[in-house]
Amino acid sequence: LDLLFFYVCWELVLIPMVFMIGMSGGARRQGAALKYFIYTTLGSLLMLVAIVFLWAKAGATTFDRDAILVATRGALSESAQLWLFGGFFLAFAIKSAFFPFHTW
């Protein structure tokens, strides 16, 4: 339930995936692994920005998800909620290889 711990674990998944893509596959596997690394890193940065925005908006001293949700209830505008949703959605879509984010 800690957003910072979730983000660190989210990033740690990237390391074995890059090695698995780079060691197996066809002739262009190293290029595919590099593309995967770049795309998922950019997607993860979107998630990090969304998490830090939530943390700052809540004025929290912790990254506890429940504390942040309670502190920001009713404090976020509709446009802020849409931007946060977009950041999280794109991060999940890129990491899980939804179309059209799966080009490697």
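Q: Why is the pairing of Arg65 and Asp66 called a salt bridge?
A: A salt bridge needs a side-chain nitrogen of Lys or Arg within 4 Å of a carboxyl oxygen of Asp or Glu. The side chains of Arg65 and Asp66 meet at 3.2 Å, N to O. That value lies within the 4 Å limit, so the pair counts as a salt bridge. The structure holds 1 salt bridge.

Q: What kind of model is this, and which residues count?
A: The model is predicted: local features need pLDDT of at least 70, side-chain atom pairs need pLDDT 80 or more, and totals for chains, interfaces and linings use all residues. Numbering starts from 1 along each chain as its sequence is written, and side-chain values use heavy atoms, without hydrogens and water.

Q: What makes Arg65 and Asp66 partly exposed?
A: Buried means under 20% relative accessible area, exposed over 50%, and partly exposed in between (1.4 Å probe, protein chains only). Arg65 has 35%. Asp66 has 34%.

Q: How much of the protein chain counts as buried?
A: Of its 104 residues, 29% count as buried.

Q: Why can Leu12 belong to the nonpolar patch?
A: Patch residues need over 30% relative accessible area and no salt bridge; like charges are joined within 9 Å, nonpolar side chains (Val, Leu, Ile, Met, Phe, Trp, Tyr) within 5 Å. Leu12 has 49% relative accessibility, so Leu12 passes the 30% limit. Leu12 is found in helix α1. The patch is formed by Leu4, Val8, Leu12, Ile15, Phe19 and Met23.

Q: Which helices supply the patch?
A: α1 (3–12) and α2 (14–23) each supply at least two residues. Helices are DSSP runs of H or I with at least four residues, strands are E runs of at least two, and both are numbered from the N terminus. The protein chain has 5 helices and 0 strands.

Q: What makes the lining of the largest pocket mainly nonpolar or mainly charged?
A: Ala, Val, Leu, Ile, Met, Phe, Trp, Tyr, Cys and Pro count as nonpolar, Asp, Glu, Lys and Arg as charged, and the others, Gly among them, as polar. The lining has 8 nonpolar, 2 polar and no charged residues, so it is mainly nonpolar. Gly86 and Gly87 are among the lining residues. α5 gives the largest share, 6 residues.

Note on methods: Accessible areas come from the Shrake-Rupley method with a 1.4 Å probe; for residues, only the protein chains shown count as cover. On a 1 Å grid over the protein atoms alone, a cavity is a set of points where a 1.4 Å probe fits but cannot get out, and a pocket is an open set with protein on both sides within 12 Å along at least five of seven lines; lining residues have an atom within 4 Å of a point.
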